[in-house]
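Load the model and follow the stops below. The tour goes from the ligand to the interface between the chains.

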Amino acid sequence: MVYTLTPAADLHSDVEDVARLLTADGERITDHELDPWVTDVGPEQLRALYRDMVLLRRIDSEGMALQRQGQVGLWAPCQGQEATQIGSARALRTDDFAFPSYRETGVVYARGAEPEGFLRAWRGEAHSSYDPNELGTAIPQIIIAAQTLHAVGYAMGIQRDGTDQAVATWFGDGATSQGDLNEAMVFAASYNAPVVFVCTNNQWAISEPVGVQAKAPIAGRAPGYGIPSMRVDGNDVLAVTAAMRWALDHARTGKGPAFIEAVTYRMGPHTTSDDPTRYRGKDEVEYWRSRDPLARVEAYLRAQDEFGDAFAAQVAKDADDLGAAVRAACLQMTTAPAISILDNVYAEPHTGLEEEKAWFGAYLDGFEEAAL
Amino acid sequence: MTDLTMVKAINEGLRRAMRDDDKVLVMGEDIGRLGGVFRVTDGLLDEFGAQRIVDTPLAESGIMGTAVGLAYRGYRPVVEIQFDGFVYPAFDQIVSNVAKLHYRSQGAVKMPITIRIPWAGGVGAAEHHSESPEAYFVHTSGLRVVAVSNPQDAYVVLRQAIACDDPVVFFEPKRLYHTKGAVNLDTDLADAAPMGLARIARPGTDVTLLTYGAQVATAMDAAIAAEDEGTSIEVIDLRSLSPVDYKTVTASVRKTGRVIVTHEAAREAGVGAELIASVTERCFNYLESAPVRVTGWDIPYPPAKLEKHHVPDLDRILDAVDRVLDRPNSLTGVEL
Ligand SMILES: Cc1ncc(C[n+]2csc(CCOP(=O)(O)OP(=O)(O)O)c2C)c(N)n1
């Protein structure tokens with residue numbers, strides 16, 4: 001069992017008891033449990049992870065800006081959580097399946113979403129932005145922790161199909177208080193389901209600090225279910241990659257579920273409707289700014305002479321291009337016709353709804369005639 | 001045709017659905033070795049094995065939520081909720097995910113989940129074992145809700161529910177579990193009445209009596225008793241509560257001009273309220289008198305020794321018949 005943690009006095013400030021491979025200053029350190037999982041990750045792969053994180057940050061800042069401009073209704077920012085999202089999602093295989101919550105823009109990105117796939121739902125054009133079967137990614141979940149059960153059920157399906165695929169599900173520290181996560185861990189352990197639980201402990205559930213959800217490090221709960229766990233530095237993309245590879249391998253090879261607590265921080269508000277200055281201080285935010293997940297990779301690569309100007313310029317250009325594409329996709333979106341709100345409630349004809357649709361259609365037609 | 005209890009008819013329905021489609025699996029508490037607390041799944045574990053007859057941990061949201069994940073993966077889970085009163089812990093998964101995922105995903109994700117609920121009272125059970133929660137589900141768009149009243153329907157409608165690409169809440173009246181009836185196990189699903197269709201259980205001309213589930217038997221008794229008094233009652237077994245077959249219902253009301261609804265669920269905002277509102281909207285000019293509801297009282301289900309005062313019986317239905325026919329009765333003069 002891989003299990004890194006000691007009881008913490010104060011969960012909110014005791015965030016150093018984590019496994020890591022890159023310090024906040026970009027120094028590569030060893031961790032006997034994590035190191036074996038990333039022996040193949042050289043500068044080139046690290047640059048790719050860095051580029052992913054930069055692009056994700058750009059998608060996120062575009063989302064924030066578009067909300068401020070009234071182009072999307074709401075946005076749940078993930079700045080600060082890039083290493084957790086990219087490190088975990090990039091470790092998946094294409095044929096694995098992901099069950100994210102609303103904040104995992106990085107998972108949706110890593111699974112291959114097109115520019116409009118980040119925005120359509122937040123803009124309010126539809127409840128989902130992409131086809132889950134195409135991305136191998138469930139539509140994001142807003143009911144806290146509900147998706148963790150879906151992930152376990154999907155993993156039970158994989159077991160019945162006899163493949164070596166795996167499932168991952170993401171949820172916050174607040175979600176760990178929900179009954180559904182408890183039930184998901186019970187089911188996963190009982191059936192030895194190939195599922196990886198990724199708890200993004202970003203310290204806050206809207207305004208509630210993690211200490212309201214837990215009195216001991218969250219990773220410590222999993223062993224109680226018989227599920228091995230790891231508490232990693234969620235701002236260290238290399239450590240998250242290693243932990244996720246370990247966990248996925250565990251699931252894939254028939255050893256059952258695994259649990260990762262990624263200790264990180266949400267730099268922005270909970271959503272664009274939130275005012276974090278009411279519940280947290282500047283010092284805390286500054287402390288976490290100094291642990292930026294992108295900066296430490298850059299520092300490490302620079303020290304190795306692996307972060308050249310050409311690379312930096314290319315990444316900056318890629319981010320600009322993606323940012324422009326995201327904006328354009330948002331501004332070019334068209335709204336579906338009114339009658340379509342009655343579509344897809346049922347997969348098969350339902351006479352009650354068909355009647356309503358006929359009525360609403362006739363009502364709408366009346367307007368069109370009047371306009372002629 | 002074979003004479004079977006409803007329990008056995010459902011058991012056969014499950015067995016044949018599982019033989020026909022290896023994506024069908026059954027999950028729930030105690031459904032394996034024990035065969036379920038009502039023995040509805042008796043013998044299925046031996047035939048299909050533990051991968052398809054899944055004894056689950058004791059966690060209703062867990063059962064429902066993992067069924068969602070299995071449906072994502074292309075399976076067709078049939079979930080057994082042990083008793084009506086225990087569906088509430090699963091309610092969030094049902095209304096937020098089971099019912100909505102097809103809509104939320106613009107049709108990309110299907111949720112062909114059948115939720116079997118041993119349902120309602122009249123069997124002298126302990127608290128939380130006799131509830132009628134159907135209105136909660138009827139009110140939830142995206143679900144289909146059916147309630148069966150005899151072994152043949154139980155067998156056919158269950159198989160239709162499992163084959164349906166939508167989630168179906170399937171109510172099984174406990175009180176009729178051991179009543180026998182003729183079942184044609186070779187019924188061709190393609191020829192059977194579609195799942196949403198109501199059944200005219202007894203034709204009549206004076207009053208339309210709408211009901212479903214175990215109340216169908218009580219309504220039939222009332223219709224026979226009324227016949228003795230010279231009143232002809234048309235009993236309609238709705239079978240489907242979402243959608244309701246208003247074609248059959250309105251044709252009957254236009255013929256009789258009088259309508260009564262009976263169910264054992266509480267009255268306030270119940271299925272009866274919806275039925276009467278809809279019938280009134282559609283048939284106002286045909287109505288000879290105000291529609292009447294005969295329901296359980298607006299109380300938590302009472303203790304077993306008193307339940308007979310809650311579940312509407314033949315006399316309460318006949319009392320309503322007098323009212324819609326404007327005859328003097330026990331309630332004449334009571335300001336409602
Ligand atoms: C069941 C449920 N209750 C309440 C909410 C409202 N809500 C949305 S996000 C949130 C906080 C979640 O915190 P956490 O799980 O830590 O995730 P984070 O937002 O920090 O990523 C709450 C209370 C919800 N979406 N679902």
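Predicted model: local features only at pLDDT ≥ 70, side-chain atom pairs only at ≥ 80, totals over all residues.

**Stop 1: the ligand shell.** Select the ligand and its surroundings.

Stop 2: Start at A:R103. An N or O atom of the A:R103 side chain sits 2.6 Å from a ligand oxygen. Next, pick A:W204, where a backbone N or O atom lies 2.9 Å from an oxygen of the ligand. Then go to A:N202, with a polar side-chain atom 3.0 Å from a ligand oxygen. On its own the ligand has 590 Å² of accessible area, and the protein covers 72% of that.

**Stop 3: the interface.** Show both chains. Here 45 residues of chain A are in contact with 48 residues of chain B. About 3,600 Å² is buried between the chains, with carbon and sulfur atoms giving 53%. On the chain B side, select B:Y72, B:R73 and B:Y103. These lose the most area to chain A, together 21% of what that side buries.

**Stop 4: links across the interface.** How many salt bridges does the rule find between chain B and chain A? Three. Zoom in on A:D161 and B:K23, which form a salt bridge with their closest N and O atoms 3.6 Å apart.

**Stop 5: helix 3 of chain B.** Finish on residues 60–72. This helix gives 10 residues, the largest share of the chain B side that touches chain A.

Methods: Residues numbered from 1 in each chain as written. Chains lettered and ligands numbered in written order. Heavy atoms only, no water. Polar contact = N/O pair within 3.5 Å; in protein donor to acceptor, adjacent residues only side chain to side chain. Areas by Shrake-Rupley, 256 points an atom, 1.4 Å probe, with all protein chains shown as cover. Contact = heavy atoms within 4.5 Å. Buried area = accessible area lost by both parts, 1.4 Å probe. Salt bridge = Lys/Arg side-chain N within 4 Å of Asp/Glu carboxyl O. Helix = DSSP H or I, 4+ residues; strand = E, 2+ residues; numbered from the N terminus.
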